Structure formats: C-alpha cells, structure tokens
Amino acid sequence: MVIRNERINQRRQVVIIMAPELLILLGAVILQADLLPDKKFLLLPPVNFTIKAVNLAQVLLRWEPNPDQEQSNIQLGYHVKINAPQEEDYETRNTERNLITILHKGFSASVRTVPWNDHSLQASSWVSAELKAPTGSPGTEIVNLTCTTNTKADNYTHLRPYQVSLHCTWLVGKDAPDDTQYFLYYRYRSWIEECQEYSKDVLQRNVACWFPRTFINSKGRDYLAVYVNGSSKEAAIKPFDQLFALHAIDRVNSPANVTAEIKGTCLSIHWEKPVSAFPSHCFDYEVKIYNAKKGYFQTEKMTTNTLITIIDDVSKYYIQVRAAVSPVCRATGLWSEWSRPIYVGKDDQKPWTEWFLIAVMMTICFILLIFSLICRICHVWTKLFPPVPGPKSNINDFFVIINNEKTGSSETEVISYVEEAGFETLEDSVF
C-alpha cells in the first residue's frame, strides 16, 4: 500500500513539473490553429469599379473593397488586368491607379480581390469596366504621326538655359473629306499646349505642326502624349492619340567646332559636345575619316571628344563627327546628323577646274576628229565647197617646136605642135 502511494506521489510530481511545458505546447498549437486560413473563407470581388479619362492619354482606375467581405487577419490585395488597347496586368494593395495610355481605341480593364501573402486561398471573381472609343467616321483620323524634338541654347533665361522644340507631321485620313481640318495638342506631365504654327497641303489641310518652344524637359524620361482631332462639315472626324518616349524622338545636335591637324603621320581630331542639357560624359561619338587618295572610309567609336590616329601623310582627308546620348545617362536614342566635313592633308591631284578644262579640250578634239572622218568618208567637203572651173585655152601650142629641115636646093618648113605630157590631166584636175 505504501509502495502504491509513493508511485502515485511520483506521478503527481511529474505532472506538476511538466504542466508548464504542456501549457506552452497547447498554447502554441491553439495559436497556430488560429493562424491557419479558414478553408471556407471566401474572397469577394471589389465594388464600384470605374474608369475615367482625366487627361490627354491618361485614365484613372478606381474601385472599393467589398463591404460584405468577412473580416479576418488575412491581408488582401488586388489583381488588375488591362484588356485593351493592349494586355497588361499587375498586383497592388491600392484601390486606384493612374495609367498613361492611348485612348482612341477605347480602354477596358478588370480587377479582382486576391490574398496578398497567402496563395492557398482562391481569388475572387473579376469585375470589369470600359471606356468606349471616341466617336467618328472610320478612316477620317490621321495616319503616320511622327514627332521629333530638338534642343537649342536659350541665352535669355538662366532658369531654363535650354529650350526644346517639337515638330510633328502626319498624313490625312484616307476617307477624310476635302474640307477636313486637323488640330494638334501635346501633353508633357501636367502641361497641355495647342499648336499655333501649321503647315498645309494643297487643299489647305493641316499636315504638320511646329512648336519652337515647349515645356518639355530636354533631359526628361517621361512620355510625350500627342493628340490630334479634327472637324468637317461632311463627317465626324475621329480623333487620334499617340505616346512617344522622349529618348526615342530626341534629335541630338551635331558636335560643334570640329578641328583637325596633321603632324607627320599623326592625325589629331578634336570637337566640342553638342548643344545639350546633358554634360560631356553623357555622349558617345562616331568619327568618319575618308582617305581621298585610297578612296575608303574609316569609322571610329569614341567616348571622349578627341581622336588621335596614324595616317598616310601624303593624302587628303575628309572628316565628320556625329553624337548620341550614352546609355549611362538615358536610354539609347537617335544619332545626330553628321557634322559638316572638314578637309585636312595634302592634295596631289589637280584641282577640279584643271581637270574640267582638260576634259573639255579632249572632248572638242574628239568631236573634230569624228567630224573630219565623216567628211572624208562621205565627201561632205566636196559637196559643201564644189571646185571652180578654170578658163579653157584655145591654144594648144604651149610648146611649139619648129623644125626647119632643108633638103637639097629647096627649103621645107615643118611646124609641129607637141603637147606637154600630162597637160589634159592637169587641166581637169581639181585644186
């Protein structure tokens, strides 16, 4: 009996000692159970989903969480899918989003509720909204819209030392009436400006626009939105909009003050960076060297504004340089035009004026030779200048030989007329 009581007491002591550990383990199990997602927990779709055009080529997407959504400790997010004008999707925890996009084709999107960090739950169903395309007769909108920007130095202000110009061109819609007139606007960030300087076609329709000064940042990385609408008495003109990445349409200026010098067999070329808001280290260069004697081009790529190379010192060289903004400062864009050629070196050849005179003289001689041969073959000279006949002589005794022969006692006088041999031939010949 005593032994049994001792065993009971030992068990009690073990339970008492292990009780805290059991409580901790039980609490952890309960907490973990609370954190596990409820497999019956359903996600409800957002409500009041709207799409609104808030600016040129800009829309605002907005929605609200479902008020009937069951509250839980699960973090919720939203999956947004753009259906038109092009497909795109992303996830966010916000309930609104500004998008830069073209709108002349219309815009549509869908959104659904998703678990932000727990993918064991199933996403809600989709809700959709649409912004319809603007009205207008098909084929009346412009086509082939192209735009370019260019930077110029502005010496009149210190706040904006560089000004950006914008030039856009387009073609008239194939079904646009003859009285159609187009109007262009651009938007950069929050600035909107209407064109004031147009170029026209033969029917006096606007087909190009020029902005000498704009609000565009010459170092900007934003998109440029261009919008063109129109009017006509015969049809409703459909509007058109397009987005341009600034780096893709910026026409960089050519390098300035290109100089070259030859010392022995060493050609040294130097130039200044283009007129631009970008600093010197933001440019790549190409140098084109033409050897006039050997007739070939040599092109060198540079990241500095000086090139030194070995050349043939008895040739003349034509040198040009162009520039582009380096990818280290901006996305790769357009190359500038080549700079005006400069000439350096010796020219062993005759000046072009001498070659021209030589060519003219040789041509004249050749023409005279051909004409002479034609005249000889076709007797053109005889036909142009026939011979003048000389007076005929009735006296054929150019040479008279009188032979007096006396025979015996009587005297006989014999007169002989001898014509010089070849006389008739001489008379009939042509001088």
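**Ground rules.** I am working from a predicted model, where local features need pLDDT of at least 70, side-chain atom pairs count only at pLDDT 80 or more, and totals for chains, interfaces and linings use all residues. Residues are numbered from 1 along each chain as its sequence is written, and side-chain values use heavy atoms, with hydrogens and water left out.

**Aromatic pairs.** I looked up the ring pairs and found 10 in the structure. Rings of Phe, Tyr and Trp (its six-membered ring) pair if their centres lie within 6.5 Å; planes under 30 degrees apart count as stacked, over 60 as edge-to-face and the rest as tilted. I picked Y290 and Y318: their centres are 5.7 Å apart and their planes are at 50°, so I noted the pair as tilted. Y290 sits in strand β18 (residues 283-291) and Y318 in strand β21 (residues 316-325), so to speak distant parts of the chain, 28 residues apart. Strands here are DSSP runs (E, at least two residues), numbered from the N terminus.

**Charges over rings.** I count a charge as over a ring if NZ of Lys or CZ of Arg is within 6 Å of the ring centre and within 35 degrees of the ring normal. K81 lies over the face of W126, 4.7 Å from the ring centre. R97 has its charged end over the ring of Y90, 4.2 Å from the centre.

**An open sheet.** I traced 4 strands in the order β11-β10-β14-β15, with antiparallel pairing. (Two strands pair if DSSP finds at least two bridges between them.) At the edges stand β11 (191-194) and β15 (240-245), each with a single partner strand, so one side of each has no neighbour in the sheet. Strand β10 (residues 181-188) is joined to β11 by 4 bridges, and Y185 has E194 in β11 as its bridge partner.

**A pocket.** The second largest pocket has I82, R97, L99 and F107 among its lining residues. Strand β5 (residues 96-100) gives the largest share of that lining, 3 residues. (On a 1 Å grid over the protein atoms alone, a pocket is an open set of points where a 1.4 Å probe fits, with protein on both sides within 12 Å along at least five of seven lines; lining residues have an atom within 4 Å of a point.)
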